[in-house]
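Dear colleague,

Please find below the sequence and structure for your review. My notes on the findings follow.

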Amino acid sequence: MPGFSEPGAGSDMAALATSARKDGDVYIVNGQKLWASGALYADRCLLLARTDPDAPKRKGISYFLMDMRTPGIEVRPIKQATGESHFCEIFLNDVAIPATNLVGPENEGWRVAQETLGAERGMTMLELTERLSHGGFRWLVDLCTRPGPDGRTPLDDTRVADRLATLEIELTGLRALVTDFVAADRPGPADASIVKLYYSELLQRMTDFGTEIAGLAAHTELRKPQSSGWESGAWMLDFIGSWEWTIPGGTSEIQRTIIGERGLGLPREPTGHR
Ligand SMILES: Cc1cc2nc3c(=O)[nH]c(=O)nc-3n(C[C@H](O)[C@H](O)[C@H](O)COP(=O)(O)OP(=O)(O)OC[C@H]3O[C@@H](n4cnc5c(N)ncnc54)[C@H](O)[C@@H]3O)c2cc1C
């Protein structure tokens with residue numbers, strides 16, 4: 001589980017303040033992490049911490065593999081709008097991480113983290129796309145072909161049929177993008193961002209459509225309240241849950257910036273921080 005984000009460092013990850021001070025053959029870590037997915041159950045954390053406070057923001061960061069059973073780690077779950085507690089806050093008080101758990105050279109953690117984020121954006125997409133096809137879309141077809149009290153189905157309305165067809169075409173496009181991405185020996189610098197952006201926004205359109213077609217039942221038919229996302233068929237929960245996916249591993253705005261800068265070669269965003 002990545003321990004990158006902090007209260008003051010999300011999109012601007014390089015602003016992270018958690019410190020790691022070398023002391024013999026360990027690093028002593030102090031600080032706070034936020035939105036750590038599955039931290040309650042994780043054995044290890046991919047931790048970013050600042051090892052050189054005087055270096056420019058991106059230069060003084062190191063990447064560690066932290067055993068979650070180390071003394072000084074406190075994990076507090078965060079309650080979400082869906083009722084789940086998918087992610088947590090992590091408080092780190094004088095946590096001693098063996099120096100051998102440093103990943104890559106000291107102060108080169110930013111570069112290592114870019115690899116992790118690229119993998120997070122891209123590699124899980126194959127599985128997620130399959131789940132969207134066999135879970136989310138299947139539920140949509142089921143919903144659109146279910147007869148109402150008058151014996152008619154939502155699909156009898158040509159506007160519904162048209163939108164369902166559009167979503168299927170978009171899903172086919174996503175599958176093609178993901179297949180190309182996974183097959184590429186050396187994916188382009190923005191490919192993972194393109195796939196992640198397309199997936200997360202299509203998921204929103206699909207669950208939005210499902211919520212609209214289900215009508216009142218979207219609110220009352222909570223089939224699997226513990227497993228919101230893209231495949232439970234509990235449309236209101238699925239719709240709320242879908243918004244999560246435009247945020248982790250870089251928000252949609254950040255993905256668009258990456259596509260513009262690294263993919264299209266546009267001038268860099270004038271932040272002055274990077
Ligand atoms: C489901 C989920 C799982 C997550 N799992 C993890 C995890 O396991 N480990 C972890 O470390 N973090 C995790 N995160 C945190 C996630 O990486 C951050 O929430 C994300 O990077 C955004 O940071 P932020 O929440 O601080 O928002 P902010 O960075 O404060 O952004 C707020 C808004 O401003 C916009 N914005 C910010 N900067 C710019 C810019 N330069 N240009 C244009 N728009 C901008 C953003 O797009 C967003 O809309 C997870 C988040 C979610 C939702």
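Beyond its neighbours within four places in sequence, Arg152 is in contact (heavy atoms within 4.5 Å) with Arg146 and Pro147. Arg152 lies in the loop between α2 (125–144) and α3; helices (H or I, at least four residues) and strands (E, at least two) are DSSP runs, numbered from the N terminus. With a relative accessible area of 48%, Arg152 is partly exposed; buried means under 20% relative accessible area, exposed over 50%, and partly exposed in between, with a 1.4 Å probe and protein chains only. Arg152 and Gly250 are 98 residues apart in sequence, and their C-alpha atoms are 43 Å apart in space.

On provenance, this is a predicted model, in which local features need pLDDT of at least 70 and side-chain atom pairs count only at pLDDT 80 or more, while totals for chains, interfaces and linings use all residues. Residues are numbered from 1 along each chain as its sequence is written, and side-chain values use heavy atoms, with hydrogens and water left out.

As to confidence, the protein chain averages a pLDDT (the predictor's confidence in each residue, from 0 to 100) of 88, and 92% of the residues score at least 70. Over residues 225–230, however, pLDDT stays under 50; the model has 21 contacts beyond four places in sequence for this stretch.

The overall description is as follows. The protein chain contains 7 helices and 8 strands, and its C-alpha trace spans about 75 × 40 × 30 Å along the principal axes. Of the 274 residues, 42% are buried. Of the contacts between residues at least 6 apart in sequence, 68% join residues at least 24 apart. The domain assignment, which is automatic or taken from a database, gives domain 1 (2–109) and domain 2 (123–263). The centres of the two domains, taken over C-alpha atoms, are separated by 31 Å.

Regarding charge, the chain carries 29 positive and 38 negative side chains, and the centres of the two sets lie 2 Å apart. Lys and Arg count as positive and Asp and Glu as negative, without His and the chain ends; each charge is placed at NZ of Lys, CZ of Arg, CG of Asp or CD of Glu.

Two helices deserve a note. Helix α6 (residues 235–242) has 6 of its 8 residues buried, so it is largely enclosed by the rest of the structure. Those buried residues are Trp235, Met236, Leu237, Asp238, Gly241 and Ser242. In helix α3 (residues 158–183) one finds Gly173, which is partly exposed at a relative accessible area of 27%. Gly173 and Tyr198 are 25 residues apart in sequence and 9.3 Å apart in space, C-alpha to C-alpha.

Thr70 sits in the loop between β5 (61–67) and β6 (73–77) and counts as buried, at 17% relative accessibility. Its contacts beyond four places in sequence are with Val95 and Ala96. From His86, Thr70 is 16 residues away in sequence and 22 Å away in space, C-alpha to C-alpha.

Finally, two backbone angles may interest you. Most residues other than glycine have a negative phi. Trp35, in strand β3 (residues 26–37), has a positive phi of about 60 degrees although it is not a glycine; Trp35 is partly exposed, at 45%. Asp94, in strand β7 (residues 87–98), likewise has a positive phi, of about 50 degrees, and counts as exposed at 53% relative accessibility.

With kind regards
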